[in-house]
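Please read the points below with the model open beside you.

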Amino acid sequence: MKSIIAFELYKIFRRPRTYIAFGAIAALIVVIQFGLKIDGESYASFLMKDINDTLTVDGKVLNGYLICYILLQLLLVHVPLLVALIAADMISGEANLGTLRLLFSTPFTRTEWVLGKFIAASIYTIVLLIWLAFLALFVSMWVFGTDDLFLMKSNYVVLIQEKDVLWRYVGAFVFASFSLLTVTALGFLMSSMANNSIGPIVGTMSAIVFFTILSTLNIPLFSMIKPYLFTTHMNNWKEFFDIKVNDGNEAIAGSILNIAKIKNSLFVLSAHIILFVSLAVYITKKKDILS
Amino acid sequence: MKKIIVFAFFFCCSNLVIAQVDPLIEKVSKKLALVNDYVAEGVMKTDVSFIKASLGKVKVYFKKPNLLKVKKEGGISLLPKGGVSLTINTLLNTKKYSTIPGGSQVVNGKTLTVIKLIPNDDNLDWVISTLWIDPVEALVYKTATTTKENGSYEIIMQYGAYAQYGLASKIIFSFNTKDYKLPNGITLEFGDEDPAAKKNLLKNKKGTVEITYKNYIINKGIPNTIF
Amino acid sequence: MSVIQVNNVSKHFGSLKAVDGLSFEVQEGQVFGFLGQNGSGKSTTIRMLLSLIHPTSGSIEIFGHSIQDNRNKVLEEIGAIIERPDLYPYLSAKEHLTLFAKLRSKKITPSSIEDTLKKVGLLDRAKDKVQTFSLGMKQRLGIGIALLHNPSLIILDEPTNGLDPQGISDIRNLIQHLAKEEGKTILVSSHILSEIEQMASHILILHKGKKIADGPIQSLLDPNKMIVHLTTTNDDQAMQLILAGSFSNYLLKRAEGIYLSIPHFEIPLLNQFLVNAGVGLINVESRNSLEDYFLQVTSNTQ
């Protein structure tokens, strides 16, 4: 299995397509960081319009931590599409290229190949996420400095002390890795069902868009299925940035408001990963390699 | 003619009252005059229905006549807009007001004298301020101030070791808050609303900022650059 | 010793019977030619040997082990190229061999990678990306991957596909070398039948998924039966005479020309018969080759 993973990783990182995602993320982040560096204050004052009516906010609101949060909000919707570019190509791309028969006639079972390929794709996804974290968090911290995280949610504001922020990002990135691995697994499943790359890539992207729409629409009919859709849970990394308050409305440092929600989302996402990969293994084992 | 005489009488009387400054205020002012400047360390708690914030360490700087700055140590601070500068020192040190006696009231078991301040200077931000003063200690326990632009504030003070300078050990600012709402399209928070957030919105619209002072460093000099 | 044993194997794709009740054996050290027209079931059979396609029924044993039950063990000893030489365009020849070397349990040293590159004539292009390779070079690299781990059984599906005459000759020499000098068992399929004729010791002919001939080349090519192509003064009249007379059993169905599979001692009688009927014989060309045999047996089963 190790040989398969090494084999697949070598191929992934020698392929020019792999770096599209890294380049796209870097470009997006740098553009947003540049925009916020130049005109971030007006963006912040727009967000803080309601607050400024009542309160004076003193301190560096537009610091690296808030920039990272803004970037993650924007990018974690789009990164799954970039992940699909690679994951959905892992099996079908080889079938299209004709190399799948070369791989499947080596002394490894198809299950080993599928799992090895999935692990390699997962490593790629996590490296992409680390790249995202480096640019969005550490570069933002370097460019914008750090301070408390002043987070403006839809209905309330959370002020998290500076020393209480970094571990939340670690948690958020770990959670995001589960979200992206679910996309990887979905792309993989699609990939196992086709003999060309375009179908599974477009199929995965369409599935993400379709289920995201279902997850975000507040229509009672869809409410029944929402808890079971992976897209409903993918954005719950944000829960790491909500905090408990005591009876005196005083935020409790180091707390998470709804840890059960995070656990539930991780469970649902993990279940999806297992289901998608198992189906991919089953389909690949059963299919005749005719390409 | 009769009406004119009555009006002239009331006008003269009222001017007579406003022109006077209550001796108790003088007494309080004298006490406060002992303090040219101070730096105080304290702990600040912000309690606003739509804000989740933890306790923060603050430093409060004051310099005569009315310079005041609250600085949170290494963090973001949320203070009632304009209200925090309306402490008893900054109110009384302007000397540009008249007083109207308002009788006495029992607050928390203490009989306090009520005095209203009306500014004589149009440039001042406040319109009227009511002070609840302990006549024996010459300490102000409560103020209620209406400002021109930033609504009304209520400040409750408690005293401890620095009572001889008229400096409180704890100050609670109460103020009215407005609604807070950001569109989901901006926050990218889609899906079902958190019931906890809804519950928060049902709370009253009063906010408080509470500063508990640990110690004061008085009359050691503060550069103006701090403010 | 039987290296490959295929027992009554069938593969159906829906209603299409791609392979129908196929049985054959390949012995150790044989160069086994696999013949058949396009769509005859050759590639499907080869893919079943490599467990790329699951048989609908029947069993396959390689080195005495069932391919279904001992897949990895069996595949460890097989080197194969299947149809087109499809490779990773963004990798070099050396990268291909280095990567595939890691997928084998046998230790493959950098020097054996160099040797393989030399063997397939790609040493000077080792570091070039495959996307710059010609079809022939890709084919040679595919063979290099198949030979890399020194397998006992080599399966080559259309190995001379896309090669220039020199390349074809090189591959033929390589296959003969592997069989004779290294004792490898080789199963080779090709649509260039003359190639098979020059390389294989045994052949199997598939037609529409069914075996129609199987055995050593020499026994299939009956020296007593010659395939002849007649050129006469009047081909139409000659054809009518042959069809009407006792030589009709020897006539082969061909689109053009008169071909007969005829015992050599009857050729003078045929000449006499035609001359007596007024048709002059200009040329009698003997075509006793595998290609003719292949065409003969496949035309007989049309």
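1. A residue counts as buried if 20 or more other C-beta atoms lie within 10 Å of its own, as exposed if 12 or fewer do, and as partly exposed in between, with C-beta atoms placed from the backbone. By this count, 42% of the 302 residues of chain C are buried. The model is predicted, so to speak of local features a pLDDT of at least 70 is needed and side-chain atom pairs count only at pLDDT 80 or more, while totals for chains, interfaces and linings use all residues. Residues are numbered from 1 along each chain as its sequence is written, and chains are lettered from A and ligands numbered from 1 in the order in which they are written.

2. Chain C holds eleven helices and 14 strands; helices (H or I, at least four residues) and strands (E, at least two) are DSSP runs, numbered from the N terminus. Its C-alpha trace spans about 75 × 45 × 35 Å along the principal axes. Domain 1 of chain C covers 2-218 and domain 2 covers 225-300, with bounds from an automatic or database domain assignment. The C-alpha centres of the two domains are 38 Å apart.

3. Two residues are in contact if their C-beta atoms, placed from the backbone, lie within 7 Å. In chain C, among contacts between residues at least 6 apart in sequence, 69% join residues at least 24 apart.

4. Which chains touch, and which pair has the most contacts? Two pairs of chains touch, and chains A and B have the most contacts between them. Chain B and chain C share no contact, and their closest C-alpha atoms lie 40 Å apart.

5. The contact between chains A and C takes 20 residues from each of the two chains. On the chain A side, helix H1 (2-14) and helix H6 (100-104) are the elements that give two or more residues. H1(A) gives the most, with six residues. By class, this side has nine nonpolar, six polar and five charged residues. Here Ala, Val, Leu, Ile, Met, Phe, Trp, Tyr, Cys and Pro count as nonpolar, Asp, Glu, Lys and Arg as charged, and the others, Gly among them, as polar.

6. The contact between chains A and B takes 35 residues from chain B and 36 residues from chain A. On the chain B side, the elements giving two or more residues include strand S1 (37-47), strand S2 (51-53) and strand S5 (77-80). S5(B) gives the most, with four residues. This side divides into 15 nonpolar, ten polar and ten charged residues.

7. A strand pairing also crosses between these chains: strand S3 (residues 157-160) of chain A and S2(B) pair in the parallel sense over three bridges. Two strands pair if DSSP finds at least two bridges between them. Val158(A) stands opposite Lys52(B).

8. Chain B has an open sheet of ten strands in the order S4-S3-S1-S12-S11-S10-S9-S8-S7-S6, with antiparallel pairing. Strand S4 (67-72) and strand S6 (97-107) of chain B stand at the edges, each with a single partner strand, so one side of each has no neighbour in the sheet. The twist averages 20° from one strand to the next.

9. Within this sheet, S1(B) and strand S12 (residues 206-218) of chain B run antiparallel and are joined by ten bridges. The bridge partner of Gly42(B) in S12(B) is Tyr213(B). S6(B) and S7(B) also run antiparallel, over nine bridges, and Ser104(B) has Thr113(B) as its bridge partner. S6(B) and S7(B) form a hairpin with two residues between them, and Asn108(B) in the turn has a positive phi of about 50°.

10. Is Lys30(B) buried or exposed? Lys30(B) lies in helix H2 of chain B, and it counts as exposed because it has 11 C-beta neighbours inside 10 Å.

11. One caution concerns pLDDT, the predictor's confidence in each residue, from 0 to 100. The mean for chain B is 77, and 81% of its residues reach 70 or more. Among the elements of chain B, helix H1 (residues 2-19) has the lowest mean pLDDT (44) and S8(B) the highest (89). Over residues 3-19 of chain B the pLDDT is below 50, and this stretch has five contacts in the model beyond near neighbours in sequence.

Conventions
Axes are lines fitted to C-alpha atoms, for helices over the stretch in contact, and angles run from 0 to 180 degrees between N-to-C directions.
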